[in-house]
Amino acid sequence: MTTTRRSFLFVLGSSRADGNSELLARAAADQLPSDVEQTWVSLARHPLPDFEDLRHDSDHVRPTEGSPALLLDATLAATDIVIVSPLYWYSVSAQTKRYLDHWSGWLRTPEIDFKATLAGRALWGVTALAHDETVVADPLVGTLHNSAAYLGMRFGGVLLGNGSKPGDVLRDTEALARAKTFFAQEAPLARFTYETYETAASDTNDTTAG
């Protein structure tokens with residue numbers, strides 16, 4: 001049996017270098033085995049242009065230079081994609097959302113097979129929030145989970161930490177403890193909530209039918 005060597009792409013979606021989300025992500029990444037490749041790309045340093053939806057007009061053209069080409073190639077090469085974004089207005093940052101919007105174009109770019117390539121790979125999230133109740137991050141978690149479900153990816157969940165001022169998350173001992181084993185956990189196949197309900201209903205009907 002052969003195993004695929006894992007390669008992690010960390011997409012940094014903060015406008016601030018060394019922000020709390022990045023610090024928490026690096027604490028988790030420090031636990032990865034030394035033979036696991038890590039690529040870190042800052043969307044602030046490699047900004048993407050606004051996404052233009054061409055689906056009813058023409059095919060998208062594969063980018064060959066600049067940030068779009070860099071991020072597309074890095075995304076296709078990764079076995080594990082980690083979205084590292086602070087919680088901005090209860091969801092991902094604008095830079096992160098623009099990156100995800102470009103996935104729509106890559107899905108419609110000939111010869112890439114973006115959806116088939118990402119199917120079975122893993123999507124993860126890391127975020128810092130300035131709130132004691134983690135439930136406020138549910139919209140961010142939902143964005144990533146549903147994106148993974150649409151592409152047939154596995155979803156490892158979102159590592160949450162608390163922090164507002166620079167470095168605050170390093171005082172969140174519970175988050176740092178979770179970071180030590182975050183990437184060691186199983187990333188199950190993502191499924192939309194309605195699919196889970198349909199499966200449960202089907203199982204119930206099968207049980208009661210006999």
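Me: In what order do the elements of the protein chain run from the N terminus on?
Reply: This is a predicted model, in which local features need pLDDT of at least 70, side-chain atom pairs count only at pLDDT 80 or more, and totals for chains, interfaces and linings use all residues. Residues are numbered from 1 along each chain as its sequence is written, and side-chain values use heavy atoms, with hydrogens and water left out. Helices (H or I, at least four residues) and strands (E, at least two) are DSSP runs, numbered from the N terminus. The order is β-α-β-α-β-α-α-β-α-β-α-α.

Me: How many helices and strands does the protein chain have?
Reply: Helices and strands both contribute to the protein chain. The count is seven helices and five strands.

Me: What percentage of the residues of the protein chain count as buried?
Reply: Buried means under 20% relative accessible area, with exposed over 50% and partly exposed in between (1.4 Å probe, protein chains only). Of the 210 residues, the share that counts as buried is 44%.

Me: What share of the contacts with a separation of 6 or more joins residues 24 or more positions apart?
Reply: A contact means heavy atoms within 4.5 Å. Among contacts in the protein chain with a separation of 6 or more, residues 24 or more positions apart account for 79%.

Me: What does the C-alpha trace span along its principal axes?
Reply: The span is given for the C-alpha trace of the protein chain. Along the principal axes, the values are about 60 × 45 × 40 Å.
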